[in-house]
Amino acid sequence: MVENVLYPAYFDAAVSRAEGRRVPEDLAVAEPTVDEIAQAVQQVGYDARIERDTTYSREYEPRGRVVVTGTDETAKNDLVQAVGAYLGVIRGD
């Protein structure tokens, strides 16, 4: 079973590509939460598990992460882009 890990920094508009953002600026949102990311993952059609006390290796403050299961045939980049698109929908941007 393949597990993909998604960190809030992947979708944060305040984070540069060099600092870890993985979506284009037009899909990035301000200060995404693990709850919003998990909701977007479920909208895409995968199972999500939230781990709140973890820190992305490029950050100092723990913001948590979302572990996505059931993505055996999906590339991580495709998953990140789809979740990024749904984050904008969830926020109403």
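Biologist: Which residues of S1 form its covered face, and which its uncovered one?

Modeller: The model is a predicted one, and the answer should be read accordingly. In a regular strand the side chains alternate between the two faces of the sheet. In S1, the uncovered face holds Glu3 and Val5. The covered face consists of Asn4 and Leu6.

Biologist: What is the order of the strands in the open sheet?

Modeller: Strands of a sheet pair through backbone hydrogen bonds, either parallel or antiparallel. Here S1 and S3 pair in the antiparallel sense over four bridges, and S2 and S3 do likewise over five bridges. The open sheet of three strands therefore has antiparallel pairing and the order S1-S3-S2.

Biologist: Why is one side of S1 and of S2 left without a neighbour in the sheet, and by what angle are neighbouring strands turned on average?

Modeller: S1 and S2 each have a single partner strand and stand at the edges, so one side of each lacks a neighbour in the sheet.

Biologist: Which residue in S3 is the bridge partner of Glu3, and which residue in S3 stands opposite Ile50?

Modeller: For Glu3, the bridge partner in S3 is Thr69. For Ile50, the residue standing opposite in S3 is Val66.

Biologist: Which helix packs on the sheet, and what angle does its direction make with that of S1?

Modeller: The helix is H2, residues 76–91, which touches S1 and S3. The angle between its direction and that of S1 is about 45°.

Biologist: What side chain does Glu51 join through a polar contact of 3.1 Å?

Modeller: Glu51 lies in strand S2. Leaving aside residues up to four places away in sequence, Glu51 touches Gly64, Arg65 and Val67. The polar contact of 3.1 Å joins the side chain of Glu51 to that of Arg49.

Biologist: How many aromatic pairs does the structure hold, and what kind of pair do Tyr7 and Tyr10 form?

Modeller: The structure holds four aromatic pairs. A pair of aromatic rings is described by the distance of the centres and the angle of the planes. For Tyr7 and Tyr10 the ring centres are 5.8 Å apart and the planes stand at 75°, so the pair is edge-to-face.

Biologist: How many residues apart are Tyr10 and Tyr56, whose rings also pair?

Modeller: The ring centres of Tyr10 and Tyr56 lie 5.6 Å apart with planes at 85°, so this pair is edge-to-face. Tyr10 belongs to the loop between strand S1 and helix H1, whereas Tyr56 belongs to the loop between strand S2 and strand S3. The pair thus links distant parts of the chain, with a separation of 46 residues.

Biologist: Are Tyr7, Tyr10 and Tyr56 buried or exposed?

Modeller: The relative accessible area is 12% for Tyr7 and 9% for Tyr56, while Tyr10 has a relative accessibility of 4%. The cut-off is under 20%, so Tyr7, Tyr10 and Tyr56 count as buried.

Biologist: Which residue has its charged end over the ring of Tyr10?

Modeller: Tyr10 forms one aromatic cluster with Tyr7, Phe11 and Tyr56. The charged end over the ring of Tyr10, 4.4 Å from the ring centre, is that of Arg22.

Technical notes: Residues are numbered from 1 along each chain as its sequence is written. This is a predicted model: local features need pLDDT of at least 70, side-chain atom pairs count only at pLDDT 80 or more; totals for chains, interfaces and linings use all residues. Side-chain values use heavy atoms; hydrogens and water are left out. Rings of Phe, Tyr and Trp (its six-membered ring) pair if their centres lie within 6.5 Å; planes under 30 degrees apart count as stacked, over 60 as edge-to-face and the rest as tilted. Buried means under 20% relative accessible area, exposed over 50%, partly exposed in between (1.4 Å probe, protein chains only). Helices (H or I, at least four residues) and strands (E, at least two) are DSSP runs, numbered from the N terminus. A charge sits over a ring if NZ of Lys or CZ of Arg is within 6 Å of the ring centre and within 35 degrees of the ring normal. A polar contact is a pair of N or O atoms within 3.5 Å; within protein, one must be able to donate a hydrogen and the other to accept it, and residues adjacent in sequence count only if both atoms are side-chain atoms. Contact means heavy atoms within 4.5 Å. Two strands pair if DSSP finds at least two bridges between them. Axes are lines fitted to C-alpha atoms, for helices over the stretch in contact, and angles run from 0 to 180 degrees between N-to-C directions.
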